[in-house]
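This report covers a ligand site and the domains around it. Please have the sequence and the 3D view open while reading.

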Amino acid sequence: MNKIQNTLVQLKAEARKSPALMTHVVMGYPSLKESMAIVAEQARAGAQFVELQIPFSDPMADGPTIMKANQAALDKGIKVLDCFKAAEKLAGKVSTPLLFMTYFNIAYRYKGGVKAFCRDSANAGMSGLIIPDISIEDEVENYWSLALNYNLSPIPIASPITPKARLKKIAPLAKKGFVYCVSSTGTTGAKNTLPTGLGSYLDKVRQTVKSPVAVGFGISQPVHIKALTGHTDIAIVGSACIDIINKSKGNYLKAVTSFIASLCK
Amino acid sequence: MKKTNYNPNAAGYYGPYGGQYAPELLIPALEELTACFLKAKSDKKFLKDLSLAYRDFVGRPTPLMLCENLTKHIGGAKIFIKNEGLAHTGAHKINHCVGQALLAKRLGKKRIIAETGAGQHGVATAAVCARFGFECVVYMGAIDIERQRPNVFWIEQLGATVKAVNFGGKRLKDAVNAAIKDWVTNVRDTHYLLGSCVGPYPFPEINRFFQKVVGEEIKSQLKNNYGLKPDYVIACVGGGSNAMGAFNAFLADKSVKLIGVEGGGFGNKTGEHAMRFKGGKVGVVEGYKSYWLQDSDGQISDTHSVSAGLDYAGVGPLHAYLKDTGRVEYDSARDKDVLAAVKLLAKTEGIVPALESAHALAKAIQLAAQLPKTKTIVVNISGRGDKDLFILAKQFGDKEFIKFTANFSKHE
Ligand SMILES: Cc1ncc(COP(=O)(O)O)c(C=O)c1O
């Protein structure tokens with residue numbers, strides 16, 4: 001069992017009502033040091049999972065907020081290896097399960113390829129991987145089995161337009177983790193309201209998928225999390241975490257603390 | 001992995017290249033498009049509609065012309081040009097635009113989006129949307145908009161909306177990114193009219209299918225009008241659609257040498273060229289595996305070409321496979337040789353080629369000089385140069401034209 005699985009077991013045992021929280025950080029944004037401090041603070045303030053995004057030049061599933069953060073981090077010269085070193089330090093410091101989120105080319109071009117990427121992620125203390133542009137049907141890259149073999153939880157993604165037959169194919173891939181349900185068609189980015197019908201879409205997913213489910217894209221406020229109670233195991237807050245940092249004007253850790261606290265209430 | 005005759009396998013791979021590396025949100029749309037395409041390509045009614053659109057809207061067949069003056073000037077192999085510049089809207093792009101518009105109709109889509117670099121694909125997309133009744137949005141990098149304002153104007157006159165892309169390098173790759181994001185958001189009612197033999201399967205195959213008419217015409221025109229067979233077919237390679245069109249009919253006949261020409265820019269350093277096959281490595285970006293100009297971490301590099309249409313970090317997956325198998329040879333042409341080629345064709349044959357196409361021409365000029373008169377070269381002139389008016393005037397240092405643009409707004 002990895003840390004994600006342990007946390008999922010624990011969450012189940014607690015029989016908690018409100019969803020658990022997964023937050024998001026772009027490594028190297030605003031700087032590597034600050035992004036590391038933000039990860040640690042999000043975990044301390046109550047996030048049950050934290051996504052560490054390795055910046056990529058062409059993040060096709062991300063909206064403006066995260067895309068700009070990717071670009072800014074790259075402009076500052078952040079390297080993939082910096083992310084691995086930072087992740088290793090963080091994993092030694094926080095008990096919260098950490099996941100690498102990135103795009104497939106980063107894993108593909110990693111020295112030693114996808115296999116080495118998975119191995120080194122596990123060795124750095126990562127518990128899971130989120131790669132939006134690798135297909136659930138992939139048979140060429142061996143991504144799913146490589147990740148599972150290194151005791152990582154590769155997180156498959158489902159969307160409101162995923163047909164039931166595909167959901168059935170997705171379900172077994174989530175055996176060590178959860179299914180990441182995209183809340184609506186679109187890219188990442190904080191929104192004011194949740195899409196209509198989100199609850200019933202999630203309920204439908206849960207009829208097909210036995211593993212826990214998470215929902216992300218657009219979730220940014222405490223009321224959103226409240227509204228998701230009973231429909232999802234995990235709420236994912238991504239772009240909003242970056243918006244908070246952008247708005248904090250320097251005192252970013254304090255802003256992170258109160259934001260996470262408001263989401264966990 | 002079974003492969004026959006350069007066809008993709010069921011998962012959309014040409015050898016190791018291609019595939020469908022797309023977010024889950026797009027998979028249902030890609031599957032729907034694949035099913036529609038596979039059915040349409042052998043459907044009599046669809047093929048009839050397509051050939052009528054080629055004939056009456058696009059203006060096919062486009063001419064194949066022997067460049068007698070140019071050939072004499074160089075004194076080597078015979079140079080023919082396939083003049084796609086005479087296709088409606090001025091380039092080969094219209095071929096896959098009409099085809100995809102007909103597919104989008106079958107899919108019941110209401111809206112079409114596209115990316116554009118030089119603006120040619122944008123103009124062609126806007127034209128087919130007007131003709132076939134689709135709402136149309138074209139994404140274009142802010143730098144390309146500056147370079148290709150006339151095409152922006154025409155896209156808008158054709159009833160489409162141009163959206164400037166202000167992130168990244170603000171060029172073709174970023175426009176592709178923006179279009180993908182739009183498609184992800186509006187996938188239910190929108191067709192993404194991808195403008196080259198790139199992107200996740202089935203796009204490279206769809207555009208090859210709608211472009212292959214170019215090579216088929218080359219083959220029959222050369223035979224019927226001149227009693228010849230080409231020894232060489234040369235085309236420029238951005239994403240690779242015009243080259244795929246010109247090459248496809250000859251892939252099986254190894255006696256025909258095929259040469260693809262990339263944007264050589266002005267130097268070999270990162271950001272000075274777009275030579276994917278010289279400076280690139282295999283990567284997975286924008287939904288497909290191919291050669292990409294990228295750094296050691298896999299971050300996509302900046303590119304440069306005097307022609308916006310070749311200024312792109314990736315290259316179509318079938319080209320990557322043709323490169324590895326050696327079936328097609330890839331070379332590049334520098335900006336300055338390309339500009340000289342534009343001038344030469346204009347002066348000798350009365351035809352101004354697009355800057356993109358002039359890359360193929362520059363290679364042909366160089367090659368013809370080394371070959372005997374008995375050899376036959378066909379150059380695919382993928383587009384006409386009208387769209388490059390402002391760049392050419394600037395590059396040629398035409399003082400009067402520059403004065404004209406400065407004074408133009410002062411006069412009524
Ligand atoms: C006239 C012309 N030729 C060539 C290209 C390059 O594209 P491709 O390699 O897909 O033919 C473009 C692209 O905009 C173009 O406008």
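How far apart do the C-alpha centres of domain 1 of chain B and domain 2 of chain B lie? The answer is 22 Å. The model is predicted. Both domains come from a domain assignment, and each is made of two segments: 21–55 and 92–207 for domain 1 of chain B, 61–90 and 212–395 for domain 2 of chain B. Where the two domains touch, domain 1 of chain B supplies 31 residues to the contact. Domain 2 of chain B supplies 34 residues.

Where does the ligand sit relative to domain 1 and domain 2 of chain B? It lies between them, because both domains give residues to the shell around it. The space taken by the ligand is also the largest cavity.

The shell holds 19 residues. By class, 11 are polar, six are nonpolar and two are charged. The residues that come nearest are B:Ser196, B:Gly238, B:Gly240, B:Ser241 and B:Ser382.

| Residue | Protein atom | Distance to a ligand oxygen atom |
|---|---|---|
| B:Ser196 | polar side-chain atom | 2.5 Å |
| B:Gly238 | polar backbone atom | 2.7 Å |
| B:Asn242 | side-chain N or O atom | 2.7 Å |

How much of the ligand does the protein bury? Taken alone, the ligand exposes 390 Å², and the protein buries 97% of that.

Key
Residues numbered from 1 in each chain as written. Chains lettered and ligands numbered in written order. Predicted model: local features only at pLDDT ≥ 70, side-chain atom pairs only at ≥ 80, totals over all residues. Heavy atoms only, no water. Near = heavy atom within 4 Å. Polar contact = N/O pair within 3.5 Å; in protein donor to acceptor, adjacent residues only side chain to side chain. Areas by Shrake-Rupley, 256 points an atom, 1.4 Å probe, with all protein chains shown as cover. 1 Å grid on protein atoms, 1.4 Å probe; cavity = no way out; pocket = protein on both sides within 12 Å on 5 of 7 lines; lining within 4 Å. Sits in = over half its atoms within 2 Å of the grid points. Nonpolar A, V, L, I, M, F, W, Y, C, P; charged D, E, K, R; others polar. Domains from an automatic or database assignment. Contact = heavy atoms within 4.5 Å.
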